[in-house]
Amino acid sequence: MIVTTGYSPEEAELLRASKIAEQAGIRLVPRKRFSIPNLFVQYGADAVLIVTQGKVRLFREDQPVLEYHPSMGYVRAKRLLRGEPDPMIDVSRAQEGDRVLDCTAGLGTDSLVFAVKVGPTGLVRSLEASPELSVLLREGFASYETEKTAVSEAMRRVEVIHADHLDYLRSLPDNSFDIVYFDPMFRKPVYDSSAISPLRVYADTRALSEESIREAVRVARKTVVLKEKKGSGEMERLGFTPDARNHAKITYGVIQVD
Ligand SMILES: C[S@@+](CC[C@H](N)C(=O)[O-])C[C@H]1O[C@@H](n2cnc3c(N)ncnc32)[C@H](O)[C@@H]1O
């Protein structure tokens, strides 16, 4: 992956692009007059991150452009602020002030909902194995503006880290987070999931390992939560109790630690 700007970038764009490159350890290249298809050829890149006024967009040949958008995260966050229930929050028993480790950040929908719930006294740290997705999400959370201040502020508080969750979990002390959360790529894709299909080409699609769950149980104080497709067998394989109240196609399972 390389990072560049629009044609004739302003100082602020250049600065942001070079900060992203430095933080993510990726190569910053001059845009010159290269069209987007030409950037792939000129620099031999598989993915190109383009920083333009306030926007960060991810390009890959023959793929739709990917740009951060909170999508359902915004809808769920607003519902939560109105005091309406959210099944993920109910199952995890997340409360204000909790520390949440999201082991599968993706496009950050669930992290955002957790961040609204735990508030400024809590913490949401989100791990993403894909270098492209972790940059896109970090930059999206840092700059996306919604009409609800509480939601925009929640985005700014999420810490996005490019890491494999098993490596990261192994490095953590016992009981250092209240909740550890997993939403892996489904073993069989749900083809009507418009939120997930754009990220499939970048995502790490490995199945969750039993060791990751053992580590998560060691690190969590309260709950370990798994989102999965009903009937996938993953809840049983990994020792989660599915949420009996939820009758949707996609459900949450929990391991109670406390
Ligand atoms: C289904 S998506 C998560 C969607 C996310 N919950 C959301 O709300 O947008 C799964 C994500 O987990 C990431 N992932 C898979 N295995 C991982 C691992 N071992 N460590 C960190 N991230 C991982 C994938 O790259 C993918 O982006």
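Q: How many residue pairs are in polar contact between domain 1 and domain 2?

A: A polar contact is a pair of N or O atoms within 3.5 Å; within protein, one must be able to donate a hydrogen and the other to accept it, and residues adjacent in sequence count only if both atoms are side-chain atoms. Between domain 1 and domain 2 there are three such residue pairs, both residues at pLDDT 80 or more. This is a predicted model, where local features need pLDDT of at least 70, side-chain atom pairs count only at pLDDT 80 or more, and totals for chains, interfaces and linings use all residues. Residues are numbered from 1 along each chain as its sequence is written, and side-chain values use heavy atoms, leaving out hydrogens and water.

Q: Which elements supply the side of domain 1 that touches domain 2?

A: Helices (H or I, at least four residues) and strands (E, at least two) are DSSP runs, numbered from the N terminus. Helix H1 (11-24), strand E4 (55-59) and strand E5 (66-67) each supply at least two residues. H1 gives the largest share, four residues.

Q: How many salt bridges cross the interface of domain 1 and domain 2?

A: A salt bridge puts a side-chain nitrogen of Lys or Arg within 4 Å of a carboxyl oxygen of Asp or Glu. The rule finds two across this interface. Elsewhere in the listing of side-chain pairs, Arg16 and Glu139 form a salt bridge at 3.1 Å, N to O.

Q: What area is buried between domain 1 and domain 2?

A: Buried area is the accessible area (1.4 Å probe) that two parts lose on being put together, summed over both. Here it is about 1200 Å², with 67% from carbon and sulfur atoms. On the domain 1 side, Leu58, Arg60 and Leu66 lose the most area, together 43% of what that side buries.

Q: Where do Leu58 and Leu66 stand in the strands?

A: Two strands pair if DSSP finds at least two bridges between them. E4 and E5 pair antiparallel over two bridges. Leu58 stands opposite Leu66 in E5.

Q: What is the strand order in the open sheet of five strands?

A: The order is E2-E1-E3-E4-E5, with mixed pairing. Strand E2 (27-28) and E5 are at the edges, each with a single partner strand, so one side of each lacks a neighbour in the sheet.

Q: Which strands stand at the edges of the open sheet of seven strands?

A: The order is E8-E7-E6-E9-E10-E12-E11, again with mixed pairing. Strand E8 (159-162) and strand E11 (241-242) each have a single partner strand, so one side of each is left without a neighbour in the sheet.
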